[in-house]
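Dear colleague,

Please find below the structure that I am handing over to you. My notes on what was found in it follow directly after.

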Amino acid sequence: MAHIVLLGDSIFDNSPYTNGGPAVISQVTDELPFGWDATLLAVDGAVIKDVEKQLSKIPSNATDLVISVGGNDALGEAGVLQLRTGNAFSALAKITKDFKANYERMLKKCIKTGFPITLCTIYNGWFEENGGLIIGSTFNKYCWITLRKLPPFFDHKSRVVYSKIESVK
């Protein structure tokens with residue numbers, strides 16, 4: 001039987017933000033076939049470097065990793081928005097370089113586990129450089145769709161998820 005492990009930050013460890021609604025781990029567990037399991041190792045407030053600690057806690061019967069992390073790294077750099085334009089651009093270049101290096105290091109450590117990985121991200125640099133596939137499309141703005149082999153608990157080959165936001169005065 002499969003055992004899915006959720007790693008990363010509050011995208012998965014979201015119970016404090018659901019106002020009594022179901023947390024991600026509950027929703028995942030409810031959708032799994034009989035006999036399958038899910039473990040939440042993601043921690044609210046975690047940054048990219050914290051995923052390594054989470055990897056050390058993976059249960060011995062785990063079969064798949066699902067990762068969402070990086071938002072808190074970006075939030076930690078929000079002060080760059082207060083800088084003068086020239087300073088902000090050079091600071092953003094360094095932030096971007098550091099983010100990419102940390103993210104790639106984290107992904108390589110996750111890959112070394114040998115588990116299939118589902119990565120929930122808006123960061124796309126790693127996929128293009130390492131044999132992944134991104135489909136980009138626009139509808140007045142942009143969106144990214146990533147494709148990968150789905151874990152065996154899905155009864156379909158692919159799924160596209162999108163949302164629509166309307167602002168009305």
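**Overall description**

The accessible surface of the protein chain amounts to about 11,700 Å², and carbon and sulfur atoms hold 56% of it. Please bear in mind that this is a predicted model. Of the 169 residues of the chain, 31% count as buried. The protein chain contains five helices and six strands, and along the sequence these follow the pattern β-α-β-α-β-α-α-β-α-β-β. Among the contacts in the chain with a separation of 6 or more, 64% are made by residues 24 or more positions apart.

Together with helix H1 (residues 24-31), the strands E1 and E2 make a right-handed β-α-β unit.

E1 also runs parallel to E3, to which five bridges join it. Here the bridge partner of Ile-4 is Asp-64 in E3. E3 in turn runs parallel to strand E4, and three bridges join these strands. Leu-65 stands opposite Ile-117 in E4.

How many residues of E3 are buried? The number is five of five, so this strand is largely enclosed by the rest of the structure. In a regular strand, side chains alternate between the two faces of the sheet. Both faces of E3 are covered: Asp-64, Val-66 and Ser-68 are buried on one side, and Leu-65 and Ile-67 are buried on the other.

**Nonpolar cores**

The largest nonpolar core has 17 residues, of which Leu-7, Ile-67 and Met-106 touch the most other members. The most comes from H4, which gives four residues. 

Leaving out residues up to four places away in sequence, Met-106 touches Ile-48, Val-51, Ile-67 and Val-69. There is also a second, separate core of 12 residues, which includes Leu-6, Ala-23, Ile-25 and Val-66.

**The aromatic pair**

One aromatic pair is found when the whole structure is searched. The ring centres of Phe-99 and Tyr-103 are 5.5 Å apart and the ring planes stand at 20°, so the pair is stacked; the cut-off for this class is an angle under 30 degrees. Both Phe-99 and Tyr-103 belong to helix H4 (residues 85-112), where they are four residues apart, about one turn of the helix. Tyr-103 has a relative accessible area of 0% and is therefore buried.

**Individual residues**

Three further residues may be of use when you inspect the coordinates.

- Asp-37 is located in strand E2. Its relative accessibility is 36%, so Asp-37 counts as partly exposed. With neighbours within four places in sequence set aside, Asp-37 is in contact with Ala-2, His-3, Ile-4 and Leu-32. Asp-37 and Thr-63 lie 26 residues apart in sequence, with a C-alpha to C-alpha distance of 9.7 Å.
- Phe-34 belongs to the loop between H1 and E2. With a relative accessibility of 82%, Phe-34 counts as exposed. The C-alpha atoms of Phe-34 and Met-1 are separated by 8.9 Å, while the two residues are 33 residues apart along the chain.
- Asn-19 is placed in the loop between E1 and H1. Phi of Asn-19 is near 50°, a positive value in a residue other than glycine. The relative accessible area of Asn-19 is 78%, so this residue is exposed.

With kind regards

Conventions:
Residues numbered from 1 in each chain as written. Predicted model: local features only at pLDDT ≥ 70, side-chain atom pairs only at ≥ 80, totals over all residues. Heavy atoms only, no water. Phe/Tyr/Trp six-rings, centres within 6.5 Å; stacked < 30°, edge-to-face > 60°. Helix = DSSP H or I, 4+ residues; strand = E, 2+ residues; numbered from the N terminus. Buried < 20%, exposed > 50% of the residue type's maximum accessible area, 1.4 Å probe, protein only. Core = buried A, V, L, I, M, F, W, Y, C linked by side-chain atoms within 4.5 Å. Contact = heavy atoms within 4.5 Å. Areas by Shrake-Rupley, 256 points an atom, 1.4 Å probe, with all protein chains shown as cover. Right-handed = clockwise from strand over helix to strand, strands pointing away. Pairing = 2+ DSSP bridges.
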